[in-house]
Amino acid sequence: MKFTVTKKEYDFMLKHFDCGMDHITNIRKDDKSVSFEVADDEMDDFQVDMTSDIIHNGMDNQDTVNQIGIEMYRIHDSLMYG
């Protein structure tokens, strides 16, 4: 599956989606955006790892979403459901 995000979103993903980024291939950057692919057979793992990253990096004590988590959820939802 192919995705495109803004350069700012991609930089955020690199910083906060530690495990989810392991599934990304064929990265192409231009001045404003970054395109990448996730193999169809890795989509389930990509989504699970992104969710795990949100729990570990975007929540305080795994029960309260912090500011980083809010942005992580926004990016996750735009990729999965956008």
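Tyrosine 73 belongs to helix α3, which runs over residues 67-81. The model is predicted.

**Helix α3**

- With a relative accessibility of 32%, tyrosine 73 falls between the cut-offs of 20% and 50% and is therefore classed as partly exposed.
- The relative accessibility of histidine 76 is 6%, under the 20% cut-off, so histidine 76 counts as buried.
- Beyond its neighbours within four places in sequence, histidine 76 is in contact with Gln47, Met50, Thr51, Ile54 and Tyr81.

**Helix α2**

- Helix α2 covers residues 43-57. Its 15 residues, at 1.5 Å a residue, should span 21 Å, and the distance of 21 Å between the end C-alpha atoms agrees with this.
- The buried residues in α2 are Met43, Phe46, Met50, Asp53 and Ile54. Because they cover an arc of only 100 degrees around the axis, they lie on the same side of α2.
- Exposed residues Asp44, Val48 and His56 are carried on the face of α2 turned away from the buried side.
- The packing partners of the buried α2 residues are β1, α1 (7-16), β3 (33-37), β4 (59-60) and α3.
- Met50 and Ile54, both buried in α2, are among the residues in contact with histidine 76.

**Strand β1: valine 5**

- Strand β1 spans residues 2-6 and includes valine 5.
- Valine 5 has a relative accessibility of 5%, which is under 20%, so valine 5 counts as buried.
- Setting aside residues up to four places away in sequence, valine 5 touches Tyr10, Met13, Ser33, Val34, Phe36 and Leu79.
- Valine 5 and serine 35 are 30 residues apart along the chain, yet their C-alpha atoms are separated by 6.5 Å.

**Strand β2: asparagine 26**

- Asparagine 26 lies in strand β2, residues 25-29.
- The phi of asparagine 26 is positive, at about 50 degrees, although the residue is not a glycine. Most residues other than glycine have a negative phi.
- Asparagine 26 has a relative accessible area of 44%, between 20% and 50%, and is therefore partly exposed.

Technical notes
Residues are numbered from 1 along each chain as its sequence is written. This is a predicted model: local features need pLDDT of at least 70, side-chain atom pairs count only at pLDDT 80 or more; totals for chains, interfaces and linings use all residues. Side-chain values use heavy atoms; hydrogens and water are left out. Helices (H or I, at least four residues) and strands (E, at least two) are DSSP runs, numbered from the N terminus. Buried means under 20% relative accessible area, exposed over 50%, partly exposed in between (1.4 Å probe, protein chains only). Contact means heavy atoms within 4.5 Å. The expected span of a helix is 1.5 Å times one less than its number of residues. The arc is that of the directions from the helix axis to the C-beta atoms.
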